[in-house]
Amino acid sequence: MTDPDLRAFALGLPKAELHLHLEGTLEPELMFALAGRNGIPLPYESAGAVRAAYDFTDLQSFLDLYYAGCAVLVTEQDFYDLTYAYLARMADEAVRHVEPFYDPQTHTARGVAFETATDGILRALEDGERDFGITSRLIMSFLRDLPAESAAATLEAARPYGARIAGVGLDSAEVGHPPEDFAAVYAVARQRGYRPVAHAGEEGPPAYITGALDALGAQRIDHGVRCLEDPALVARLVRDRVPLTVCPLSNVRLRVVDTLGAHPLRRLMDAGLLVTVNSDDPAYFGGYLTDNYLAAARELRLTREDLVRLAEASFEASFLSEHEKAARIAEVREYARS
Ligand code: HPA
Ligand code: ZN
């Protein structure tokens, strides 16, 4: 298959995105627009200058700019615009379902109310379903480099929203912030019906993946690429069909791997793991969902069948009902046949 053919095939392939930080979709152009609207000074001359600053050496060097960029998000409309722009893009990539993260504490710490961020995001997700047919489950992520008490306060703030917030996640600086610190918060969250997921095994060791499963009851592991260092853990993840939400371009930009050609995606697939491909923070890492499928396909010689398997996995690993999963997977198979 020639490259343009593969691009068209991947673009039209029905798929879901399960590892996406809404704050990480803030394109420099929107950053400037919101800064102007809100009267917030930016330490950059232009959108090009912002992009030029995106040269990361590790997770923390990215997080510093990612949190700084959030300063322009002030009003409910800002969160709406951010989320709606992402969904509009995904509509052009045959994305049918998204389970995005947002980081409430990043905003409440700046004096932006939990409700301001949450209402804007939820309104955009509802409009996105109406306008593009993209369904969603929103996941609030706790910042693991803040105390567990702050996560617990966030969980309380979410109470009035009930099931409109579907899950809880754990992100930010991983090393030195093991999942066990959040066991009590996750126990309450699970008891209240939230689906538990957690970032683990991106920069942190395989023991953090085991900890996310055992201490947090995580039903899905975000990243998880370092599981390959522990064969017993891989066997467990395969046996229990625990999904991994892998982010190839992110892993290259944050130097989790040296090159895309050295990325473990194919090894994870070959091990029989339920692997999905995702974009993480596409405005910062140089590509949205289809770009991640295509870049991985090119560098790791994935076939059209491999891309179909990844798209099917994206629905299987989602929090859609079994009925909805089956319908979407049938749609993927139908597309692959045509
Ligand atoms: N890892 C941890 N925290 C994050 C990430 C990530 O990839 N993206 C946004 N917050
Ligand atoms: Zn992430």
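This is a predicted model: local features need pLDDT of at least 70, side-chain atom pairs count only at pLDDT 80 or more; totals for chains, interfaces and linings use all residues.
Residues are numbered from 1 along each chain as its sequence is written, chains are lettered from A and ligands numbered from 1 in the order in which they are written, and side-chain values use heavy atoms, with hydrogens and water left out.

Secondary structure elements are DSSP runs numbered from the N terminus, with helices (H or I) of at least four residues and strands (E) of at least two. Asn-278 sits in the loop between strand E11 (275–277) and helix H14 (282–285). Asn-278 has a relative accessible area of 0% and is therefore buried. (Buried means under 20% relative accessible area, exposed over 50%, and partly exposed in between, with a 1.4 Å probe and protein chains only.) The side chain of Asn-278 forms a polar contact of 2.9 Å with the side chain of Thr-276. Such a contact is a pair of N or O atoms within 3.5 Å; within protein, one must be able to donate a hydrogen and the other to accept it, and residues adjacent in sequence count only if both atoms are side-chain atoms. Beyond four places in sequence, Asn-278 touches Glu-17, Leu-18, His-19, Thr-245, Val-246, Cys-247, Pro-248, Leu-289 and Asn-292. Contact here means heavy atoms within 4.5 Å.

Thr-276 belongs to strand E11. Thr-276 is also buried, at a relative accessible area of 1%. Neighbours within four places aside, its contacts are Leu-18, Leu-244, Thr-245, Val-246, Ala-313, Ser-314 and Ala-317. Glu-129 is 147 residues away along the chain, and the two C-alpha atoms are separated by 22 Å.

His-199 lies in strand E8 (residues 198–200). Its relative accessible area is 6%, so His-199 is buried. A polar contact of 3.0 Å links its side chain to that of His-19. Outside four places in sequence, His-199 contacts His-19, His-21, Phe-101, Arg-144, Leu-170, Asp-171, Glu-174, Asp-222, His-223 and Asp-280.

Glu-203 counts as partly exposed because its relative accessibility is 27%. A polar atom of the Glu-203 side chain lies 2.9 Å from the backbone nitrogen of Leu-59. Leaving aside neighbours within four places, the contacts of Glu-203 are Asp-58, Leu-59, Glu-174, Val-175, Arg-226 and Leu-254. Arg-110 is 93 residues from Glu-203 in sequence and 27 Å from it in space, C-alpha to C-alpha.

Two packed helices are described by the angle between their axes and the distance between the axes. Helix H8 (residues 148–157) packs on helix H9 (residues 183–191) at about 15 degrees, with axes 9 Å apart. H8 is therefore roughly parallel to H9. Axes are lines fitted to C-alpha atoms, for helices over the stretch in contact, and angles run from 0 to 180 degrees between N-to-C directions. Angles under 35 degrees count as roughly parallel, over 145 as roughly antiparallel, 65 to 115 as roughly perpendicular and the rest as oblique. The crossing of H8 and H9 is left-handed; that is, the near helix is turned anticlockwise from the far one by less than a right angle, clockwise being right-handed. H8 contributes Ala-148, Ala-151, Ala-152 and Leu-155 to the contact, and H9 contributes Val-185, Val-188 and Ala-189. By class, this contact of H8 with H9 has seven nonpolar, no polar and no charged residues. (Ala, Val, Leu, Ile, Met, Phe, Trp, Tyr, Cys and Pro count as nonpolar, Asp, Glu, Lys and Arg as charged, and the others, Gly among them, as polar.)

Arg-164 is located in the loop between H8 and strand E6 (167–171). Arg-164 is partly exposed, at 41% relative accessible area. Its side chain makes a polar contact of 2.7 Å with the side chain of Glu-126. Residues up to four places away aside, Arg-164 touches Leu-122, Glu-126 and Leu-138.

Most residues other than glycine have a negative phi. Arg-241 has a positive phi, near 50 degrees. Arg-241 lies in the loop between helix H11 (231–239) and strand E10 (244–246). Arg-301 also has a positive phi, of about 55 degrees. Arg-301 occupies the loop between helix H15 (289–300) and helix H16 (304–316). With a relative accessible area of 72%, Arg-301 is exposed, whereas Arg-241 is partly exposed at 41%.
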